[in-house]
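Work through the following exercises with the sequence and the coordinates open beside you. Each task is followed by a solution that goes step by step.

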Amino acid sequence: MVVLSGAGISAESGLKTFRDSDGLWEGYNIEDVATPRAWRKDPQLVLDFYNYRRRNVLEAQPNAAHHGLAELEKNFDVTIITQNIDDLHERAGSTNVLHLHGEIFKMRSERNIELVYEIKGDIKIGDKAEDGQQLRPHIVWFEEPVPKIEEAIPVVRQADIFVVVGTSLVVYPAAGLVNYAPWNAPKYIIDKRIPYTSEITNITAIEKPATEGVKILLSLLESGS
Ligand SMILES: NC(=O)c1ccc[n+]([C@@H]2O[C@H](COP(=O)([O-])OP(=O)(O)OC[C@H]3O[C@@H](n4cnc5c(N)ncnc54)[C@H](O)[C@@H]3O)[C@@H](O)[C@H]2O)c1
């Protein structure tokens, strides 16, 4: 089973999505805080934004949707491909999580994507990686390549069951992953407002908040429908 998750799964844990608030993410314009241009223009603002996000995530708890997906590992071989930078899937107990867009509890050299370190506190201007370069959040910003997509595509291609939870399916290349799921694999989409998908076959839409929707998914899978 392969699950593609997005910001909507963490909404009920108190972490805000941005499509739901007119393109703002916690009150910020995305281009001011989550692009390479923003980093060049005002690195302090970018660090402040992600330092604040990191504190929010530390305080947040996984919700019933994260826990429900973790529970599926009892009966299925589950891979979660998430666009989220939080660690709520892992904290709920999921053991196989691929973060397409990076992780809030990691930082890296601004020059070398291989020099990655754990971080629970704040990143400050002047904090350097071992290559002497400024440390930045280990986040894939808008307009940056998404290296993990190459790992994600073959995983989706082999899905026997494909589940999409809490993503608007507008941010590419992540959104394009749904097109790689085998046509005959059952697909479940859980979202409080089901996103538009064209030419995708075999879909069951569960238009509910993630916590309720995952519960419904578990009972559908249990009953074999
Ligand atoms: N928690 C996080 O890590 C976080 C938070 C905000 C944005 N982001 C970044 O934003 C990008 C945007 O893509 P996205 O599709 O993940 O987010 P998005 O904001 O574009 O879409 C969120 C989707 O979740 C749905 N939703 C909102 N509340 C829900 C709920 N309670 N239950 C079920 N569905 C709900 C919305 O209807 C929408 O379809 C990603 O790259 C992600 O890295 C991440």
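Residues are called buried under 20% relative accessible area, exposed over 50%, and partly exposed in between, with a 1.4 Å probe and protein chains only as cover. The model is predicted, so that local features need pLDDT of at least 70 and side-chain atom pairs count only at pLDDT 80 or more, while totals for chains, interfaces and linings use all residues. Residues are numbered from 1 along each chain as its sequence is written, and side-chain values use heavy atoms, with hydrogens and water left out.

**Exercise 1.** Determine how many salt bridges a search of the whole structure finds, and examine some of the pairs.

*Solution.* The criterion for a salt bridge is a side-chain nitrogen of Lys or Arg within 4 Å of a carboxyl oxygen of Asp or Glu. Applied to the whole structure, the search returns seven salt bridges.

One of them joins Glu-151 to Lys-148, with 4.0 Å between the closest N and O atoms. Glu-151 is partly exposed because its relative accessible area is 45%, and Lys-148, at 36%, is also classed as partly exposed.

Another pairs Lys-106 with Glu-103 at an N to O distance of 3.1 Å. Lys-106 has a relative accessibility of 22% and therefore counts as partly exposed; Glu-103, with a relative accessible area of 22%, is partly exposed too.

For Lys-208 and Glu-212, the closest N and O atoms of the salt bridge are 3.9 Å apart. Lys-208 is partly exposed at 32%, and Glu-212 is partly exposed at 41%.

**Exercise 2.** Is Thr-35 buried or exposed, and which residues does Thr-35 touch?

*Solution.* Begin with the location: Thr-35 sits in the loop between H2 and helix H3 (36-41), where helices are DSSP runs of H or I with at least four residues, numbered from the N terminus. Its relative accessibility is 2%, so Thr-35 counts as buried. Taking contact as heavy atoms within 4.5 Å, and leaving aside residues up to four places away in sequence, Thr-35 touches Ile-30, Trp-141, Phe-142 and Glu-143.

**Exercise 3.** Which residues gather with Glu-31 in a patch of negative charge on the surface?

*Solution.* Patch members must have over 30% relative accessible area and no salt bridge, and like charges are joined within 9 Å, whereas nonpolar side chains (Val, Leu, Ile, Met, Phe, Trp, Tyr) are joined within 5 Å. Asp and Glu count as negative, and the place of a charge is taken as CG of Asp or CD of Glu. The residues that gather with Glu-31 are Asp-32, Asp-42 and Asp-48. Glu-31 itself belongs to helix H2 (residues 30-33) and is partly exposed, because its relative accessible area is 44%.

Key: Accessible areas come from the Shrake-Rupley method with a 1.4 Å probe; for residues, only the protein chains shown count as cover. Helices (H or I, at least four residues) and strands (E, at least two) are DSSP runs, numbered from the N terminus.
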